[in-house]
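I am opening my notebook on a new structure. My plan is to look up a few things and write down what I find.

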Amino acid sequence: MTSKSAILSAAELASELAGSRPPVLLDVRWQLGGPDQRPAYEAGHLPGAVYVDLDSELAGPPGSGGRHPLPDPEAFGAVMRRAGVSSDVPVVVYDGGQGWAAARAWWLLRWTGHTDVRVLDGGLAQWTSAGGDVTADRVTPTEGDFKPSPGAVGLLDADGAAARARAGVLLDARAGERYRGEVEPIDPVGGHIPGALSAPTTENVDPDGRLLPAAALRARFAALGAADGTPVGVYCGSGVSGAHEVLALEVAGIASDLYAGSWSEWSADPARPVATGPHPE
């Protein structure tokens, strides 16, 4: 875990924005299967924040690699530079409050080598409830200099995820009913990767959408075997909510690797095994 927390509060962000080295702000509001959130951004956003679209800018085209495969690193770097991101300037990302999209941006920036990126805990909802200003002003950022260098944090492919389930801990961040295979509203088949443990990321937050205290998260993950140096992997449906679980693990002080293709990639290949029910195997 880095010395600086992976999250910050609305009060901490307000203080940093008023300081001598304010962070670049990225607005990553997004809804799974929902409408484009750019109109919501244009109606009101944190002063200076730049909108980044998850589907088109934080993911590559859907296909055999899943519904939200990783973007081309150079294309991602160009998006970040246009948004004003530089290698030596802090970045804070936020979304509408769920935290999943913000965590996806946080993880991508970390994976591509940015060393100072954090998530606004609780997102826009916490900012406004704390009295933070929003504006509809158009933002024209100064071009940044960020150049991606992929591989700075752990990434799993399908074979790596299967191996992690056998020799380590593989956490499934989706809802329990999808893990068990009772429902599957999006992907070709329901169930989970054999050996994976159900750990819905929705259980990592309080009713206001803020991550639980680090001690509570550590206790939760320890109960799942994610402690004492055990290799940990995480997946979800398409690498979005899984990034939020990686964030929660980071706050808990536990390193983990993301299987970015996740269930949408795994289930697209009929040759890969599928487990159902409440048990890992």
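What share of contacts in the protein between residues at least 6 apart in sequence join residues at least 24 apart? I looked it up, and the share is 76%. I note that this is a predicted model.

**Entry 1: overall build**

I started with the secondary structure. I found eleven helices and ten strands. The radius of gyration is 18 Å, close to the 19 Å that the globule rule gives for 281 residues, so the protein is as compact as a globular protein of that length. I then looked at the C-alpha trace, which spans about 50 × 40 × 30 Å along its principal axes.

Next I checked burial. Buried residues make up 53% of the 281 residues. The accessible surface comes to about 11,700 Å². Carbon and sulfur atoms hold 52% of that surface.

**Entry 2: the largest pocket**

Rolling a probe the size of a water molecule over the atoms shows where empty space is left. I began with the largest pocket, which has a volume of about 310 Å³. Its lining has 17 residues, and Arg38, Tyr41, Val50, Tyr51 and Val139 are the closest to its centre. Helix 2 (38-43), strand 3 (50-51) and helix 4 (73-82) each give two or more residues to this lining. Which element gives the largest share of the lining? I found that helix 2 does, with three residues. By class, I wrote down nine nonpolar, two polar and six charged residues for the largest pocket.

**Entry 3: the second largest pocket**

I moved on to the second largest pocket, with about 250 Å³ of space. I found 18 residues in its lining, and the closest to its centre are Leu32, Trp100, Arg174, Arg178 and Ser241. The classes here are nine nonpolar, six polar and three charged.

**Entry 4: a closed space**

How many cavities of 30 Å³ or more does the count give? I got one cavity. I listed 13 lining residues, of which Gly99, Val119, Asp121, Gly122 and His244 lie nearest the centre of the cavity. Strand 5 (117-120) and helix 10 (241-251) each supply at least two residues of this lining. The lining has five nonpolar, seven polar and one charged residues.

**Entry 5: serine 262**

Most residues other than glycine have a negative phi. I then looked up serine 262, and its phi is near 55°, a positive value. Serine 262 is found in helix 11 (residues 262-266). Is serine 262 buried or exposed? Its relative accessibility is 0%, so I put it down as buried.

**Entry 6: phenylalanine 146**

I located it in the loop between helix 6 (123-129) and strand 6 (155-156). Phenylalanine 146 has 2% relative accessibility, so it counts as buried. The cut-off for buried is under 20%.

What is phenylalanine 146 in contact with, leaving aside its neighbours within four places in sequence? I found Phe76, Gly77, Met80, Arg81, Val85, Ser86, Ser87, Leu109, Thr112, Gly113 and His114. I also checked the separation from alanine 10, which is 136 residues apart from phenylalanine 146 along the chain. The C-alpha atoms of these two residues are separated by 25 Å.

Key. Residues numbered from 1 in each chain as written. Predicted model: local features only at pLDDT ≥ 70, side-chain atom pairs only at ≥ 80, totals over all residues. Heavy atoms only, no water. 1 Å grid on protein atoms, 1.4 Å probe; cavity = no way out; pocket = protein on both sides within 12 Å on 5 of 7 lines; lining within 4 Å. Points joined across faces, edges and corners; volume = space filled by probe spheres on them. Helix = DSSP H or I, 4+ residues; strand = E, 2+ residues; numbered from the N terminus. Nonpolar A, V, L, I, M, F, W, Y, C, P; charged D, E, K, R; others polar. Rg over C-alpha atoms; globule rule 2.2 N^0.38 Å. Buried < 20%, exposed > 50% of the residue type's maximum accessible area, 1.4 Å probe, protein only. Contact = heavy atoms within 4.5 Å. Areas by Shrake-Rupley, 256 points an atom, 1.4 Å probe, with all protein chains shown as cover.
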